[in-house]
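Colleague: I have just opened this one and would like a short tour before I go further. Could you walk me through it?

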Amino acid sequence: MNKKKVLVICGTGVATSTIVMQKLKAFLRDKSIEATLEQSKVSDVLNKAGQYDLIISTTAVPPSMVDKVINAVPLLTGIGKEQVYDEIEARLKM
Amino acid sequence: MSLSEYIGKDHIRIFEEAVDQAEVLHQLGDMLVQTGAISIEYMESVRKREQAFPTGLYTGEVNVAIPHADPENYVKQPAIALGVVRKGVAFRNMADPTDDISVQLVFLLAPERGETQLVILEQIMNLIQDQANMRQIMDAQGTEDVWNVLGQLVQVEEKL
């Protein structure tokens, strides 16, 4: 299985993406999934989305990125987080 | 430091009357400026960021918003201001900016970059995942009482 490149983004690249990053690391460790993780803010990645296999975002993203993006807000609120984890796992095992 | 220490008695404001978002942010920001936690420029960043990337979250019966911005040089001392808005105030949805959420708890975050801040952010996220805790905050009368509730919150177990 190829090691996937994952990008975690939020509006500022400071607060919510940090939380998501932490949870994602724990989840991947738990599932023994290896991936390269990077953290950034949405405005910095508009032209680089193509470099990543998966983008996990707490903010709305431009339509050009939508196909690669999973909405991570449920990881913050806890509501619907299981589906998000399932989707992340499925995408990284593709 | 625990959440109640970051928030502090001086950083809690209860809004009994109807208010708009600008007023809530102004008053919460003012408390952080008064105690020297932030310089006034930080609030301009927060307002801009809230426009571009809103922070309202659906969390259940009691909804929350976590306005914040890049600390740059504007955060002098990491802190959090808490607004309890009895009648709710509209914040746009983080996941869908076209959607307005009526939120009752507003956590204005003045973070620093780094590990200590992560601990605090995680505590906030654990808190907002627990409606019973949020209900307790809403039921508290007066800022002193809110602060006491925050101090007594059962430390929620680390959640994946």
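**Confidence, contacts and strands**

Modeller: Gladly, and please keep in mind that this is a predicted model. A place for caution is the stretch of residues 156-160 of chain B, where pLDDT stays under 50, although the model has nine contacts beyond four places in sequence for these residues.

Colleague: And what does chain B average in pLDDT?

Modeller: Chain B averages a pLDDT of 91, and 95% of its residues score at least 70. For the complex, the predictor gives an ipTM of 0.86 together with a pTM of 0.91.

Colleague: OK, how many residues of chain B are in contact with chain A?

Modeller: On the chain B side there are 24 residues, and they are in contact with 19 residues of chain A. Helices α3 (41-52) and α4 (115-128) of chain B each supply at least two residues of that side, and α4(B) gives the most, with five residues.

Colleague: What is that side like by class?

Modeller: The side of chain B that touches chain A has 15 nonpolar residues, alongside six charged and three polar ones.

Colleague: Switching topic: is strand β5 of chain B mostly covered or uncovered?

Modeller: Strand β5(B), residues 100-110, is mostly covered, since nine of its 11 residues are buried.

Colleague: Which strands does β5(B) pair with?

Modeller: Strand β4 (residues 79-92) of chain B pairs with β5(B) in the antiparallel sense over 10 bridges, and B:Leu82 has B:Phe107 in β5(B) as its bridge partner. Strand β3 (residues 64-65) of chain B runs parallel to β5(B) and is joined to it by two bridges, with B:Ala65 standing opposite B:Val106.

Terms used: Residues are numbered from 1 along each chain as its sequence is written. Chains are lettered from A and ligands numbered from 1 in the order in which they are written. This is a predicted model: local features need pLDDT of at least 70, side-chain atom pairs count only at pLDDT 80 or more; totals for chains, interfaces and linings use all residues. pLDDT is the predictor's confidence in each residue, from 0 to 100. Two residues are in contact if their C-beta atoms, placed from the backbone, lie within 7 Å. Helices (H or I, at least four residues) and strands (E, at least two) are DSSP runs, numbered from the N terminus. Ala, Val, Leu, Ile, Met, Phe, Trp, Tyr, Cys and Pro count as nonpolar, Asp, Glu, Lys and Arg as charged, and the others, Gly among them, as polar. A residue is buried if 20 or more other C-beta atoms lie within 10 Å of its own, exposed if 12 or fewer, and partly exposed in between; C-beta atoms are placed from the backbone. Two strands pair if DSSP finds at least two bridges between them.
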